[in-house]
Amino acid sequence: MICKSCGRANELGARFCKSCGAPLESNESMQQNNTNQSENVCQQNNQYVMPESMYSGTTRMTKKEFNECANIKSITKNITAAAIIAYVIGAITFIVNVVMAGNIAGLVDVMIVVGLGLGIHLAKSRACAVIITAYSIFNFIYMILLAGMPGGWLIIVCGVYSIIYTFKYQNAWNKYQQTGQI
Ligand SMILES: [Zn+2]
């Protein structure tokens, strides 16, 4: 099924385009359009603007369908990468602080970082991204005061990275809710 909005081929029976999120025509209306094949080819090559009336009455994609779109996947991949950094920091903190140094209080840090990482990963939460950034700045200052030198760079990277992409994701979702386009 060819998307009239962006020209991408989608699997048969798909309700929405995997690339741009535009609603796809049902089989019946596609058969009707077969008579206008040549006209359709033109529309694929040019930017086909979907009439407003086609959107009203068409239901929006679910969040799951939305997440399957190519453009959105590139955002969620980065969110997952940011979360993996958080998991790695949690694992390093656990091994170095808790296991090797025997500092049980280090478990709190492990739980904070892994918990916020899960919130970023699964809920794509902007709040978790902001909190982990605030935590990383606090940690950075704490390291200067305690060890006399800055530390915890990786968690700052994780914080900024997750802020950028969770906000990108939520903006794309809000825009989609309003316009029906990704
Ligand atoms: Zn499309």
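Let me start with disulfides, meaning pairs of cysteine sulfur atoms within 2.5 Å: the structure holds 0 of them. Please keep in mind that this is a predicted model, where local features need pLDDT of at least 70, side-chain atom pairs count only at pLDDT 80 or more, and totals for chains, interfaces and linings use all residues. Residues are numbered from 1 along each chain as its sequence is written, and side-chain values use heavy atoms, with hydrogens and water left out.

So what do the cysteines do here? Four of them hold a zinc ion: C3, C6, C17 and C20 each give their SG atom, at 2.2 to 2.3 Å from the metal. By donors I mean N, O and S atoms within 2.8 Å of the metal, or 3.2 Å for Na, K and Ca; water is not among the atoms, so sites may look incomplete. Along the chain, the donors of the zinc ion are spaced C-x2-C-x10-C-x2-C. Within that set, C6 and C17 link distant parts of the chain, 11 residues apart, with both in the segment before α1 (27–33).

Which geometry do the 4 donor atoms around the zinc ion have? The arrangement is tetrahedral, because the angles they subtend run from 104 to 114°. For the cut-offs, four donors count as tetrahedral if all angles lie between 85 and 135 degrees; four are square planar and six octahedral if opposite donors are over 155 degrees apart and all others between 65 and 115; anything else is irregular.

How buried or exposed are these cysteines? C17 has a relative accessibility of 1% and therefore counts as buried. C20 is buried too, at 13% relative accessible area, while C6 is partly exposed at 35%. The scale is: buried under 20% relative accessible area, exposed over 50%, partly exposed in between, with a 1.4 Å probe and protein chains only. Another cysteine, C158, sits at 0% relative accessibility and is buried.

UniProt, in an unreviewed entry, lists residues 3–24 as "domain: Zinc-ribbon". A word on such records: UniProt positions are in the numbering used here, feature names are shortened, and annotations may be inferred rather than shown by experiment.

Now the whole chain. The protein has 8 helices and 0 strands, where helices (H or I, at least four residues) and strands (E, at least two) are DSSP runs, numbered from the N terminus. Of the 182 residues in the protein, 36% are buried. If we take contacts with a separation of 6 or more, 60% come from residues 24 or more positions apart; contact here means heavy atoms within 4.5 Å.

How confident is the predictor? The average pLDDT, the predictor's confidence in each residue from 0 to 100, is 84, and 82% of the residues score at least 70. Residues 28–48 are a stretch to treat with care: pLDDT stays under 50 there, and the model has 12 contacts for them beyond four places in sequence. Where pLDDT is low, the predicted coordinates should not be read in detail.

The unreviewed UniProt entry lists "transmembrane region" for residues 79–98, 104–120, 127–145 and 151–167. In the model, residues 104–120 are 88% helix and 0% strand, with end C-alpha atoms 25 Å apart. Residues 151–167 are also 88% helix and 0% strand, and their end C-alpha atoms lie 26 Å apart.

D109, in helix α6 (residues 106–123), is partly exposed at 28% relative accessibility. Beyond its neighbours within four places in sequence, D109 contacts T93 and Y135.

K124 lies in the loop between α6 and α7, and is buried at 13% relative accessibility. Its phi is near 50°, a positive value in a residue other than glycine. Most residues other than glycine have a negative phi.

M149 is in the loop between α7 (126–147) and α8 (153–179). With a relative accessible area of 54%, M149 is exposed, and it touches M143 and I144, leaving out residues up to four places away in sequence.

Finally, I156 belongs to helix α8. Its C-alpha is 8.2 Å from that of I132, 24 residues away in sequence, and I156 touches S136 and F140, again not counting residues up to four places away in sequence.
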